[in-house]
Amino acid sequence: MKTAQAKAAAVKAEPVKVEPPDAAPARRPARRAKAQPPYILDEQVGFMLRQVAQRHATLFAARIGDELTMTQWAALAKLAETGPCSQNLLGRHTAMDAATIKGVVDRLARRGFVETRPDPEDARLLVVLPTEAGRAVIARATPNAFAITEETLAPLDPAERATLLKLLARLR
């Protein structure tokens, strides 16, 4: 049997934890989350989209002709599709911010492919329209643009192409 002195010494050796009366109840240790799978870059959608976009851009640069950039072609193609429009609206139609579309239009104008005029209904706006030379470039480049799309989608069968385009439209 332990003596009273031994019991007192044992009690003194163990620290006593005293919590204030308004303290929150003690928490259980957090459960370990399931381990995340490794991040494999080649399996990530953004990386795959960038690789496909790079492949398409390489095909575009090699085949479009007239030393057009993708943004210049987008502006010319949209003008061919919609007709003359304000520079601001052309930027929205081609997913370019105001500064980018201004630079694209300026470069196309320097090359003689578009001209700008004040909007007759709103003098604050510039209307962009293709010149004769611009319409000729559009006529030459359009078959090339179709061929570039065809080559980009070549690894897919017709049903896969339709599915891909439908899914990309949903992700826009």
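When I say that residues meet or are in contact, I mean that heavy atoms lie within 4.5 Å. This is a predicted model, in which local features need pLDDT of at least 70 and side-chain atom pairs count only at pLDDT 80 or more, while totals for chains, interfaces and linings use all residues. Residues are numbered from 1 along each chain as its sequence is written, and side-chain values use heavy atoms, with hydrogens and water left out.

Let me begin with helix α3, residues 70-82, and helix α5, residues 98-110, which pack at an angle of about 80° with their axes 10 Å apart (helices are DSSP runs of H or I, at least four residues, numbered from the N terminus; axes are lines fitted to C-alpha atoms over the stretch in contact, and angles run from 0 to 180 degrees between N-to-C directions). That makes α3 roughly perpendicular to α5, a term that covers 65 to 115 degrees. On the α3 side, Thr71, Gln72, Ala75 and Leu76 meet Ile101, Val104, Arg107 and Leu108 of α5.

Turning to helix α6, residues 132-153, α3 packs against it at about 105°, with the axes 11 Å apart, and so α3 is roughly perpendicular to α6 as well. Here Trp73, Leu76 and Ala80 of α3 touch Val137, Ile138, Ala141, Thr142 and Ala145 of α6.

Which helix gives the largest share of the nonpolar patch? That is α7, with four residues, and leucine 171 lies in this helix.

Terms used. Helix = DSSP H or I, 4+ residues; strand = E, 2+ residues; numbered from the N terminus. Parallel < 35°, antiparallel > 145°, perpendicular 65-115°, else oblique.
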